[in-house]
Amino acid sequence: MNINKFEVKKMKSKYCVDEHYCFVVDGASLDYLLNEQYPDKNLIGLVPTIPDWMSMPAEKAFVLSRYHSSDPVVLLLVLMCPDDCDLWCTLLVAEVEKQGRFVKWNRIGYDQSESDERIESYEYIGNRVNWLEKIPPFIFKQEEYETEIKKLLL
């Protein structure tokens with residue numbers, strides 16, 4: 001089993017002037033990793049769904065509920081557009097599975113829920129996903145993963 005290294009590091013991204021937390025997998029920012037396989041999809045500069053950046057309390061609570069979910073498989077909101085830092089623009093999700101001492105991101109894709117669905121309930125997010133098939137699964141050590149994710153949630 002190939003174990004990936006997961007970090008949440010302060011870095012600059014393409015559209016943000018200041019350093020902010022970024023997801024880093026095996027030494028590369030997640031947006032860059034995705035862009036290598038999909039250069040035509042404008043993935044460079046997407047930022048993690050950092051709850052503190054969200055101005056709407058309901059959005060923040062929803063994102064936190066996914067991060068704190070005890071479900072064995074959850075669709076975690078991982079990257080968003082840095083322009084408004086909300087759930088109404090580009091939103092990427094990862095199908096995250098807890099497997100004993102490991103956390104596996106089975107697949108990553110674009111959320112395809114409609115705006116009117118999100119108005120009704122954020123639970124529609126992740127019901128329809130355009131999966132990025134060229135992106136392989138990532139497997140992380142659970143302890144390392146949880147320690148790193150906490151940086152976003154404090």
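Analyst: A cavity is a set of points, on a 1 Å grid over the protein atoms alone, where a 1.4 Å probe fits but cannot get out, and its lining residues have an atom within 4 Å of a point. The structure discussed here is a predicted model, so local features need pLDDT of at least 70 and side-chain atom pairs count only at pLDDT 80 or more, while totals for chains, interfaces and linings use all residues. Residues are numbered from 1 along each chain as its sequence is written, and side-chain values use heavy atoms, with hydrogens and water left out.

User: Which residues line the largest cavity, and what makes them its lining?

Analyst: The lining consists of C22, F23, S29, L30, D31, L46, P48 and L79, and these residues are listed because each has an atom close enough to a cavity point to meet the lining rule. The search of the whole structure finds 1 cavity of 30 Å³ or more, and the largest cavity has a volume of about 40 Å³, a volume being the space filled by probe spheres set on grid points that are joined across faces, edges and corners. Strand β2 (20-25) and helix α1 (30-37) each supply at least two of the lining residues; helices (H or I, at least four residues) and strands (E, at least two) are DSSP runs, numbered from the N terminus.

User: What is the make-up of this cavity lining by residue class?

Analyst: The lining divides into 6 nonpolar, 1 polar and 1 charged residue, where Ala, Val, Leu, Ile, Met, Phe, Trp, Tyr, Cys and Pro count as nonpolar, Asp, Glu, Lys and Arg as charged, and the others, Gly among them, as polar.

User: What makes the other kind of space a pocket, and which residues lie nearest the centre of the largest pocket?

Analyst: A pocket is an open set of points with protein on both sides within 12 Å along at least five of seven lines. In the largest pocket, where about 280 Å³ of space lies, the lining has 14 residues, of which Y67, H68, Y145, E146 and I149 lie nearest the centre. Helix α2 (57-67), strand β5 (73-80), strand β6 and helix α4 each supply at least two lining residues, and the largest share, 5 residues, comes from α4. By class, this pocket lining has 8 nonpolar, 2 polar and 4 charged residues.

User: How many salt bridges does the search of the whole structure find?

Analyst: The search finds 4 salt bridges, and another of them joins K60 to D52, whose closest N and O atoms are 3.5 Å apart. K60 is partly exposed, with a relative accessible area of 28%.

User: Where do K151 and E148 lie, and why is E148 called buried?

Analyst: K151 and E148 both lie in helix α4 (residues 142-153), 3 residues apart, about one turn of the helix, and they form a salt bridge in which the closest N and O atoms are 2.9 Å apart. E148 is called buried because its relative accessibility is 13%, which falls below the limit for that class, while K151, with a relative accessible area of 32%, is partly exposed.

User: Why is C81 in no disulfide?

Analyst: A disulfide is a pair of cysteine sulfur atoms within 2.5 Å, and by this rule the count comes to 0 disulfides. C81 counts as buried at 10% relative accessibility, whereas C89 counts as partly exposed at 36%.

Methods: A salt bridge is a side-chain nitrogen of Lys or Arg within 4 Å of a carboxyl oxygen of Asp or Glu. Buried means under 20% relative accessible area, exposed over 50%, partly exposed in between (1.4 Å probe, protein chains only).
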